[in-house]
Amino acid sequence: MATKTTERQGYFAGWTPKKEGIIAPDERLPWGQTIFVGLQHVLAMFGATVLGPLVMGFDPNTAIFFSGIGTLIFFLIVGGRVPSYLGSSFSFIAVVITASAYAPKVFGEHNPNIAVALGGIIAAGVVYAVIGLIVMFTGYKWIEYLMPPVVTGTVVMVIGLNLTTVAINNASVSQFDAVMAIVTVLAVAAVAIYAPGALRRLPILLGGVIGYLIYLLFANAFGYGTAIKFDSVANAAWVGLPHFTAPTFNGNAISLIAPVAIILVAENLGHVKAVAAMTGRNLDKYLGRAFLGDGVATIVSASGGGTGLTTYAENIGVMAVTRIYSTVIFIIAALVAILLGFCPKFGALVATIPSGVLGGLTIVLFGLIAATGGRIWIQNRVDFSKTRNLITAAVGLTIGAGMVSVPNHNVNFLLTIGNFSIGGIGVATFSVIILYQLLRERKPQPEEAVTADSAVGLDPAAETDVGPEAEA
């Protein structure tokens with residue numbers, strides 16, 4: 001059952017020491033346990049935060065560094081009221097690949113047009129921050145009106161479906177890579193289902209490690225596929241600055257990437273609602289601050305060569321299992337991420353991950369994103385016997401799955417009006433928002449009356465938990 005607690009007054013949350021039970025956002029465990037839980041959150045975000053930049057050709061060290069910086073910025077802007085970690089957003093992948101014409105010969109190689117993509121990400125961050133300011137001054141109800149569960153669920157599902165081509169391309173570089181992608185998928189599934197205790201919360205990280213070690217054994221010892229070379233790891237320094245890159249601003253890239261801000265709003269809205277349901281606190285008054293914090297963090301990240309950022313469902317899942325919502329743990333996690341950013345040897349090791357292993361990880365991750373969209377529909381009881389819901393979802397999914405960019409094949413599907421171009425995710429997002437409003441009935445139906453979606457299986461309108469965390 002959700003915990004009903006009282007918030008402290010003031011801008012920043014203080015942390016009352018507490019040794020056991022449910023730990024509220026303004027409480028904390030003893031410092032030793034707090035540091036341990038913070039490290040667990042680093043592990044939870046690690047796989048996706050590193051994988052995102054590799055898919056786009058960004059430097060993973062820089063992305064990790066700015067994920068820490070962004071999390072601290074978010075913490076300051078929300079006053080420590082909303083427990084969240086900010087990591088690499090997958091919503092940017094398709095539009096960044098298109099805007100930068102990124103077609104790597106080897107998966108994960110440096111994107112030569114990263115500066116152009118960074119300018120577009122900054123523009124998205126500015127739009128996102130402006131939306132946050134508007135919500136702060138006008139309230140959040142209009143966001144919920146524009147984005148009921150059928151819309152947010154469709155948008156989330158579209159993100160996963162639009163990226164499927166990237167995943168399959170990664171997995172099919174060679175026959176051996178295809179086999180290793182399957183092995184990696186099975187490893188991820190095995191960890192998620194059969195691993196003991198908290199290890200089940202780290203399927204991407206542990207599954208990736210298992211896939212990597214199996215690839216290393218068969219490629220380097222038995223001669224299958226392409227052997228992993230560690231020269232760059234040996235030559236890299238243990239301590240050094242991240243690779244910073246200055247952005248450049250291109251009109252086409254900006255028009256393509258900036259609309260992603262709308263997707264991030266839908267994503268963050270669901271995450272805040274999920275945390276509110278878990279903690280038993282009404283966080284609606286912090287939605288504007290959360291949008292602003294995420295937007296400013298994205299601007300700062302892209303200004304130095306990092307990816308666009310978003311609140312992470314992986315870390316929300318960890319909170320659901322541990323029942324530890326203290327915001328101080330995210331300061332610990334952020335500081336650890338910043339330290340990792342100053343280790344070039346770490347970045348060089350990440351760059352050795354072969355395409356087949358990364359392909360398997362992306363198949364799972366992008367599929368999970370798509371499946372989460374369906375989960376949003378189910379948890380919010382979206383009624384698909386209603387034609388308007390069915391048509392809205394159908395149109396959005398078809399556009400999002402069909403308008404994909406195919407790396408290495410020079411195939412880009414964009415909607416271009418004058419100098420304004422947007423890719424499949426953007427077109428699908430705007431289509432479902434507009435279409436739903438056109439089809440909306442005059443008298444609100446039950447699913448329209450339910451507040452925004454839940455990212456981890458909670459019904460925000462209910463008094464009790466209905467998701468997997470209720471069983472924790």
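Author: The chain's secondary structure comes to 20 helices and six strands. Both are DSSP runs numbered from the N terminus, with at least four residues (H or I) for a helix and at least two (E) for a strand. This is a predicted model, where local features need pLDDT of at least 70, side-chain atom pairs count only at pLDDT 80 or more, and totals for chains, interfaces and linings use all residues. Residues are numbered from 1 along each chain as its sequence is written, and side-chain values use heavy atoms, with hydrogens and water left out.

Reader: OK. What share of the residues is buried?

Author: Buried residues make up 59% of the 472 in the chain. Buried means under 20% relative accessible area, exposed means over 50%, and partly exposed lies in between (1.4 Å probe, protein chains only).

Reader: Which residues touch the most other members of the largest nonpolar core?

Author: Phe90, Phe92 and Phe291, out of 116 residues in that core. Helix H12 (residues 260-279) gives the largest share of this core, 13 residues. A nonpolar core is a set of buried Ala, Val, Leu, Ile, Met, Phe, Trp, Tyr and Cys residues joined through side-chain atoms within 4.5 Å. In soluble globular proteins, nonpolar side chains tend to be buried together.

Reader: What does Phe90 touch?

Author: Leaving out residues up to four places away in sequence, Phe90 touches Ala48, Leu51, Gly52, Ile159, Leu163, Tyr312, Leu365, Phe366 and Ile369. A contact means heavy atoms within 4.5 Å.

Reader: What share of the contacts with a separation of 6 or more is between residues 24 or more positions apart?

Author: That share is 80%.

Reader: Why is H15 called largely enclosed?

Author: Because 10 of its 14 residues are buried. Among them are Val328, Phe330, Ala337 and Gly341.

Reader: Now Ser301. Buried or exposed?

Author: Ser301 is buried, with a relative accessible area of 1%. Ser301 is found in helix H13 (residues 287-303). Not counting residues up to four places away in sequence, Ser301 touches Phe66, Gly306, Thr307 and Leu309.

Reader: What about Ala101, buried or exposed?

Author: Ala101 counts as exposed, at 59% relative accessibility. Ala101 is found in the loop between helix H3 (93-99) and helix H4 (114-138). Phi of Ala101 is near 50°, a positive value in a residue other than glycine. Most residues other than glycine have a negative phi.

Reader: How many salt bridges are there?

Author: The count comes to three. A salt bridge is a side-chain nitrogen of Lys or Arg within 4 Å of a carboxyl oxygen of Asp or Glu. Arg281 and Asp26 form one, with their closest N and O atoms 3.1 Å apart. That pair links distant parts of the chain, 255 residues apart. Arg281 sits in the loop between H12 and H13, and Asp26 in the loop between strand S1 (16-17) and strand S2 (27-28). Arg281 and Asp26 are both buried.

Reader: Which residue does Glu27 meet?

Author: Lys18, at 3.8 Å, N to O. Lys18 counts as partly exposed, at 31% relative accessibility. Lys386 and Asp383 also meet in a salt bridge, at 3.7 Å. Asp383 is partly exposed, with a relative accessible area of 27%.

Reader: Last topic, rings. How many aromatic pairs?

Author: The count comes to 11. Rings of Phe, Tyr and Trp (its six-membered ring) pair if their centres lie within 6.5 Å; planes under 30 degrees apart count as stacked, over 60 as edge-to-face and the rest as tilted.

Reader: Why is the pair of Phe176 and Tyr224 stacked?

Author: Because the ring planes lie at 20°, with the centres 6.2 Å apart. Phe176 is in helix H8 (residues 175-194), while Tyr224 is in the loop between helix H9 (203-221) and helix H10 (231-235). Phe218 and Tyr224 form an edge-to-face pair, 6.2 Å centre to centre and 65° between the planes.

Reader: Which residues do ring pairs link into a cluster?

Author: Phe176, Tyr215, Phe218, Phe222 and Tyr224. Phe176 counts as buried at 15% relative accessibility, whereas Tyr224 counts as partly exposed at 46%.
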